[in-house]
Amino acid sequence: MIIPKILVVGDDAEVIEFLVHILEKEECYNVKAASGNGVAESLGSDSFGIVIAEFTTKKSNGQMVLDYIVEHYPQVKCLVYAKDASISNSVEALKKGAFDYLALSDTDNLIPAVKKALEEDDLSVPAPVKRNVRTNARFGHLIGKSRAILNVFSIVEKVAHTGSTVLITGESGTGKELIARSIHENSKRFDKPLIVINCGAIPGELLESELFGHEKGAFTGAHRTRIGRFELADEGTIFLDEIGDMSPNLQVKLLRVLQEQNFERVGSTKQIKVNIRIIAATNQDLNNLIKEESFREDLFYRLNVIPVKVAPLRQRKSDIPLLVSYFQKKLSDRRGGGLKTFSDATMDALISYNWPGNIRELENLMERLYVLADNDVIKVSDLPENIQGKEPTMFQYSLSPMESGLSFNDAVENYQKMIILKALDQTNWVKAKAAELLKMNRTTLVEKIKKLKIKADMEQQFFSQTP
C-alpha cells in the first residue's frame, strides 16, 4: 500500500503543529512540515501528493507557495487555509489553481478535503492555469497533417479570438478536450482560468452543486459554502465534457446561464454575474437525443453556435506516424529512456488497424510497447494480436458462408465490401486513389460503391463483424 505524502507549509509554528497533529491522528498519512521559504527544497527532495499551505489575498509567502506549485508541480494538489472563511479569499485561491480552501475555524473539514483530493479524478477538478504564459504552439498538443485535422486547425484559428460558444462532437478518445484547450490558449482569455468538468463522471444529483456551488445548509451534508465551477471560470472558459449526459432539469439552468450569464448557488436567491466562454463536447448524437426528448432543442441551438466535428482516427490514418512519433518522444522525455523505432511492417499494421478507441487507444498502446518491448525496434510480433494485421485468406473466407449460413453471392458481396472499404479507408475516401490501389477504373469503383450501398458510417460496424 502506498502511503500518501503530505507537506504542510506555513510560517506560524503553532498553526503548523496543530494541522500536522490532526493529520497524524489518522495514522495513514506521511506528514512533513516546512516554512514558506523551504517549500521549493522540500518539493525538490521528495514526492508529495498534497501540499497544505496558508493563503491570504496579500502577497504573502502562502500565496507565492501556491503560485510556485501551480507553475512547477501542477500534478500536486494544493489545499490552502486561512484564519477566516472569506468567500473572496476562497474564490481567488481556487482561481489560482488551489484544489480546495479551508478555514482554521472549521478544521473538521480538513480530513474530508484531504481524502477528496486523494480520491477525485483529475478530469473533474479545476485545471491549474499558468497565469500570463501563452503556449508557444498555436494548437497545443494537436498533432496531424490529414485534411480532417487541418480543417479543425482552421476552425480553431478562426474561432479562438471570438467569444462564441463552441460545440465539439466526436467519438471518445478523439481529443475533444485538447481542442477545447487550444481554443482557450489561443483566445484573449488565455491567462484566465480554464475549468474542465466531465458531466458524465459526476452523479446527476451532485452536478448542479459542482457547476453552480451551494450555500451552507442548502442540503444534507452541505456543511459550508462551496464555490461552483462557473464562478471559478469567471473571465475565463468552462469546458463541459459529455454534455449529452446532463439531466433535463439541469439543462434548463444551463440554458439560462448561456442567455443571461448569471445564476444562483443551490440554496440561495442571490444572483451571481459571470463573464465566461462555454465550450461543450459530446460523443453522442444530440439530434437523436432531441428526438428522444432527453436533450433540449433550444439548448442545442445555444451550444451549437460554432460546431467542430472531430474525425475518428480510422478516417485520418495519415496522422498515425506523426502521433506515434509524438507519443514516443513524450514517453522518452518523461521516463528518460531512448526512443523506440518501428519497422515498416509494424507501422503498416498500425495504419491498417481500425482503432475503435481512437487516439487514446493509440497512446495507451505506445506506453505499453515502450515499457514491455525488449528491443529498440518494435516488430509486428510485439503488437497485440488484434492489431497485428493478419488478414484472413481467401480460403478462410470461403469457410465462413457455410459456418454462418450465408449464400455464395452474399459471401462474395461481403468480401467486395471489405476490400473496397479497406481501400477507401487507406486513402481517406479519395475514390481516385482507392481505384488506383485496387487497380480498377474510378468509374467502375464508383458504380460498385453505389451498387453495394457502401457508406462511411458502415465501416466500423462491417469490420467488427467480419471474421
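**Figure 1. Strand β1 and its neighbour β2.** Welcome to strand β1 (residues 5-9), where four of the five residues are buried, so the strand is largely enclosed by the rest of the structure. Please keep in mind for this and every later view that the model is predicted. Strand β2 (residues 30-34) runs parallel to β1, and five bridges join the two.

Figure 2. Rolling a probe the size of a water molecule over the atoms shows where empty space is left. Which residues line the largest cavity? They are L19, I52, Y81, L102, A103, L104, D106, T107 and L110. Sorted by class, this lining has seven nonpolar residues, one polar and one charged.

Figure 3. The whole structure holds six aromatic pairs. In the pair shown here, the ring centres of F212 and F230 are 5.1 Å apart and the planes meet at 20°; because planes under 30 degrees apart count as stacked, this pair is stacked. The pair links distant parts of the chain, since F212 belongs to helix α8 (residues 204-212) and F230 to helix α9 (residues 229-232), 18 residues apart. Both F212 and F230 are buried. Together with F263, F212 and F230 form one aromatic cluster.

Figure 4. Most residues other than glycine have a negative phi. Q261 has a positive phi, near 60°, and is not a glycine. Look for Q261 in the loop between α10 (248-260) and β9 (262-263). W355 is not a glycine either, yet its phi is positive at about 50°. The loop that holds W355 lies between α14 (344-352) and α15 (358-372). Is W355 buried or exposed? With a relative accessibility of 0%, W355 counts as buried, because the cut-off for buried is under 20% relative accessible area.

Figure 5. What is the C-alpha to C-alpha distance between G49 and C78? The distance is 8.7 Å, for two residues 29 apart in sequence. G49 sits in the loop between α2 (39-45) and β3 (50-54) and counts as partly exposed at 37% relative accessibility.

**Figure 6. A contact across the sequence, V305 and S164.** How many residues separate V305 and S164 in sequence? The separation is 141 residues, while their C-alpha atoms are 6.8 Å apart in space. V305 belongs to the loop between α12 (297-303) and β12 (306-309). With a relative accessible area of 46%, V305 is partly exposed, because a residue counts as exposed when its relative accessible area is over 50%.

Technical notes: Residues numbered from 1 in each chain as written. Predicted model: local features only at pLDDT ≥ 70, side-chain atom pairs only at ≥ 80, totals over all residues. Heavy atoms only, no water. 1 Å grid on protein atoms, 1.4 Å probe; cavity = no way out; pocket = protein on both sides within 12 Å on 5 of 7 lines; lining within 4 Å. Nonpolar A, V, L, I, M, F, W, Y, C, P; charged D, E, K, R; others polar. Phe/Tyr/Trp six-rings, centres within 6.5 Å; stacked < 30°, edge-to-face > 60°. Buried < 20%, exposed > 50% of the residue type's maximum accessible area, 1.4 Å probe, protein only. Pairing = 2+ DSSP bridges.
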